[in-house]
Amino acid sequence: MEDTLRPLPLAYSPPRPQCPAQGIGTFGRSIRSITALMLREMSARYGRSPGGYIWAVLEPIGAIVVIAVALSFIIRVPSLGNSFLLFYASGYIPFLIYNLLQANITQALIYSRPLLMYPVVSWIDAILARFLLNLLTSIAVACIVLFGILRFTETNAILELGPLLISVGLMALLGLGHGTLNCLLFGLFPAWAQLWSIVSRPLMVVAGVFFVMEDLPGHVQDIMWWTPWIHATSLFRQGIYATYEPGFVSIILVLAWALVPLAFGLLLLRRFRQDILMR
């Protein structure tokens, strides 16, 4: 009789049903947030305008054609090859990757400010979403432009994937680093936006879109060597022109220009992101 009336141990508790959301780790939540942010931006940027993604392709094509036609009246032959379209495309495409990433990552926190009020969405998700979306878009545009030039013009080129991929990776990392640092500076110091718009205007020239490094005088080459963009642009051209070998390229220099701003941007955004979002 005493055994049947013995109470249950106090440590016993029935199993609780687990909520599905509790089984999702931090990494899984981040992936879902990044995907949702990318889909939101795709719908907002391309889904509401006539033509959508077509304009993302037509804009660089128009810029390349205008540059090639205008400069063909001044210069008889391009610095490499015999096609003005391919030469300027080989310089403009890597710069486009950098410029598109840098400009969009700079506005990442401001653009996603309403969603960042939710705990499930973090500031790093907003930056990564813009980075991935614009990187994929710029790579797609680059493939379409290069294929169109090689297919519909009398130009023969054997593409070498190694230098092309390294160039795209370096320009993407530069865009991420500079965009992350500018995201911080634009948020804390609004005057920096106007100053950056002035400072960044010559970047297309500095990147070597219109020339190759070897065309410049020696003392100018010594100065240009310290800028990262022309290194990545020259690598891209190396992947298109089999006879072009830019011996001056320094990948370490480009990585330093990319990783140092990225590190400072991430560290300081972690500290001051709330101040930026509350402005």
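Me: Is Ile-93 buried or exposed?

Reply: A residue is called buried when its relative accessible area is under 20%, exposed when over 50%, and partly exposed in between, using a 1.4 Å probe and protein chains only. Ile-93 has 3% relative accessibility, and therefore counts as buried. Please keep in mind that this is a predicted model, in which local features need pLDDT of at least 70 and side-chain atom pairs count only at pLDDT 80 or more, whereas totals for chains, interfaces and linings use all residues. Residues are numbered from 1 along each chain as its sequence is written, and side-chain values use heavy atoms, with hydrogens and water left out.

Me: Where does Ile-93 lie, and which residues does Ile-93 touch?

Reply: Helices (H or I, at least four residues) and strands (E, at least two) are taken as DSSP runs and numbered from the N terminus, and Ile-93 belongs to helix 3. A contact means heavy atoms within 4.5 Å; leaving aside residues up to four places away in sequence, Ile-93 touches Ala-142, Val-145, Leu-146 and Phe-236.

Me: How many salt bridges does the structure hold, and which side chains meet in a salt bridge?

Reply: Side chains of opposite charge can pair when their charged atoms come close. The term salt bridge is used for a side-chain nitrogen of Lys or Arg within 4 Å of a carboxyl oxygen of Asp or Glu. The structure holds one salt bridge, in which the side chains of Arg-130 and Glu-41 meet at 3.1 Å, N to O. Because Arg-130 lies in helix 5 (residues 123–152) and Glu-41 in helix 1 (residues 26–47), the pair ties together parts that are 89 residues apart in sequence. Both partners are buried, Arg-130 at 6% relative accessibility and Glu-41 with a relative accessible area of 3%.

Me: Over which ring does the charged end of Arg-130 sit?

Reply: A charge is said to sit over a ring if NZ of Lys or CZ of Arg is within 6 Å of the ring centre and within 35 degrees of the ring normal. The charged end of Arg-130 sits over the ring of Tyr-111, 4.3 Å from its centre. Arg-271 likewise lies over the face of Phe-272, at 4.6 Å from the ring centre.

Me: How many aromatic pairs are there, and why is the pair of Phe-84 and Tyr-88 called stacked?

Reply: Rings of Phe, Tyr and Trp (its six-membered ring) pair if their centres lie within 6.5 Å, and planes under 30 degrees apart count as stacked, over 60 as edge-to-face and the rest as tilted. By this rule there are eight aromatic pairs. The rings of Phe-84 and Tyr-88 have centres 6.1 Å apart and planes at 20°, so this pair is stacked. These two residues are four apart in helix 3 (residues 84–106), and so are separated by about one helical turn. Phe-84 and Tyr-88 are both buried, and together with Phe-87 and Phe-210 they form one aromatic cluster.

Me: Why is the pair of Trp-229 and Trp-257 called tilted?

Reply: The ring centres of Trp-229 and Trp-257 are 5.7 Å apart and the planes are at 55°, so the pair is tilted. Trp-229 lies in helix 10 (residues 229–238) and Trp-257 in helix 11 (residues 251–277), so the pair ties together parts that are 28 residues apart in sequence. Trp-229 counts as buried at 6% relative accessibility, whereas Trp-257 counts as partly exposed at 33%.
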